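Please go through this model with me, one question at a time.

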Amino acid sequence: PILELTLSPTYACNFRCTYCYVDFDERRMSEDVARWIRQFFERELPHFKQANITWFGGEPLLQWRQVAKLASDLSAIGRSVGRPVLHFLITNGYLLTPEIARTLVESGISYFHVTIDGADQSQDTRRVLRGGHPTYERVRANLLDLLGDHPDVGVTLRMNLELDSTGAVRPLLESIPLEYRHRVQVHATPIIREGVERPAELHRKVAEAITLAQQLGYAYYDNAIPIGRTRNCSAEASTNYQIGPDGQLHKCSPSFKPEVTVGRLGPSGAASKTPAALSWKSVPQLADKCLNCRFLCFCGGGCRLNR
């Protein structure tokens with residue numbers, strides 16, 4: 001019943017995180033593609049009960065004016081047909097200044113997913129600007145301003161953790177005032193490096209970080225993967241697409257793998273799909289060892305592309 005769209009106005013990014021897998025692309029979404037998205041949305045939304053729009057990149061705030069304008073337009077389409085439209089924005093937080101945050105909230109974006117990998121050096125050695133400069137202090141300041149200025153906004157705090165960075169979780173969580181914490185979901189997760197098996201000790205440390213967050217008054221980011229479920233990736237849903245800056249339809253972020261791209265939007269807003277779209281419905285189920293694993297909630301059985 002839910003139309004799920006991930007909109008990427010650009011795949012460019014102002015960060016160069018040490019573990020990032022994305023092939024950066026400097027293209028920006030044109031006004032033509034934005035118009036096609038509006039037309040597609042007008043065509044599709046009446047067939048669903050609700051729409052969830054995720055703004056993604058690269059770093060979507062490199063195009064924050066376009067994000068605000070298009071988010072406002074899509075919300076207006078939802079009101080015109082009596083369908084709720086929820087907006088989620090995934091950002092590294094560096095450009096989320098009070099002025100930009102105010103514009104985004106006014107456009108209808110009420111959920112912000114900010115990635116910050118713990119306090120101080122844990123962030124500053126992994127999540128650096130393109131020129132190598134540190135980012136922790138500015139991202140944390142923007143996060144606190146967002147929480148203080150907009151009491152109705154929800155925030156997910158994403159922490160990508162390795163064994164040597166789990167100790168930086170506590171100082172970050174303790175630095176956020178208590179009165180904000182009930183609005184902040186903590187999504188701590190092990191870093192995935194292709195071809196590198198993560199030790200069980202890392203999973204235990206991540207679980208301890210989640211327990212700590214709950215003890216400190218935060219909500220746990222429940223990604224709804226109960227043991228026994230055979231599918232978890234949102235890309236598997238036939239109603240879920242990522243629309244890139246050029247109007248191409250992807251099932252997840254382009255990653256040098258052609259099977260990710262499954263179609264494109266046309267000038268009328270119609271979506272044409274390729275045969276690759278069908279393959280996403282026939283991926284093997286999870287292995288027994290995954291179904292019986294205590295840590296399934298952290299990885300969902302691995303990347304669906306690999307399966």
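Q: At about what angle does helix 1 run to strand 1?
A: In this predicted model, helix 1 lies across several strands, including strand 2, strand 3 and strand 8. Strand 1 is also among the strands that helix 1 lies across. The angle between helix 1 and strand 1 is about 175 degrees.

Q: Which strands stand at the edges of the open sheet?
A: The open sheet has 11 strands with mixed pairing, in the order 7-6-5-4-3-2-1-8-9-10-11.

Q: Which residue of strand 4 is the bridge partner of phenylalanine 88?
A: Strand 3 and strand 4 run parallel and are joined by five bridges. Strand 4 is largely enclosed by the rest of the structure, because five of its seven residues are buried. The bridge partner of phenylalanine 88 in strand 4 is tyrosine 111.

Q: How far apart are the end C-alpha atoms of helix 2?
A: Helix 2 covers residues 64-81, which is 18 residues. At 1.5 Å a residue, helix 2 should span 26 Å, and the model agrees with this. Glycine 82, with a positive phi near 70 degrees, follows helix 2. The end C-alpha atoms of helix 2 are apart by 26 Å.

Q: What covers the buried residues of helix 2?
A: The buried residues of helix 2 include Trp64, Val67, Leu70, Leu74 and Ile77. Their cover includes two helices, helix 1 (31-44) and helix 3 (98-106). It also includes strand 1 (2-7), strand 2 (50-55), strand 3 (85-91) and strand 4 (109-115).

Q: Is serine 75 buried or exposed?
A: Serine 75 lies in helix 2. Leaving aside neighbours within four places in sequence, serine 75 is in contact with Val85, His87 and Ser107. Its relative accessible area is 11%, and the cut-off for burial is under 20%. Serine 75 therefore counts as buried.

Q: Which residue has its backbone oxygen 2.8 Å from a polar atom of the side chain of arginine 138?
A: Arginine 138 lies in helix 5 (residues 136-149) and counts as partly exposed, at 35% relative accessibility. Apart from neighbours within four places in sequence, its contacts are Tyr94, Leu95 and Thr97. The backbone oxygen at 2.8 Å belongs to tyrosine 94.

Q: How far apart in space are arginine 138 and alanine 235?
A: Arginine 138 and alanine 235 are 97 residues apart in sequence. Their distance in space is taken from C-alpha to C-alpha. That distance is 33 Å.

Q: What is the radius of gyration of the protein chain?
A: The protein chain has 10 helices and 11 strands. For 307 residues the globule rule gives 19 Å, and the chain comes close to this, so it is as compact as a globular protein of that length. Along its principal axes, the C-alpha trace spans about 50 × 50 × 40 Å. The radius of gyration is 19 Å.

Q: Among contacts between residues at least 6 apart in sequence, what share joins residues at least 24 apart?
A: Buried residues make up 50% of the 307 residues in the protein chain. Contacts between residues at least 6 apart in sequence are the basis for the share asked for. The share joining residues at least 24 apart is 70%.

Note on methods:
Residues numbered from 1 in each chain as written. Predicted model: local features only at pLDDT ≥ 70, side-chain atom pairs only at ≥ 80, totals over all residues. Heavy atoms only, no water. Helix = DSSP H or I, 4+ residues; strand = E, 2+ residues; numbered from the N terminus. Expected span 1.5 Å × (residues − 1). Buried < 20%, exposed > 50% of the residue type's maximum accessible area, 1.4 Å probe, protein only. Contact = heavy atoms within 4.5 Å. Pairing = 2+ DSSP bridges. Axes fitted to C-alpha atoms, helices over the stretch in contact; angles between N-to-C directions. Polar contact = N/O pair within 3.5 Å; in protein donor to acceptor, adjacent residues only side chain to side chain. Rg over C-alpha atoms; globule rule 2.2 N^0.38 Å.
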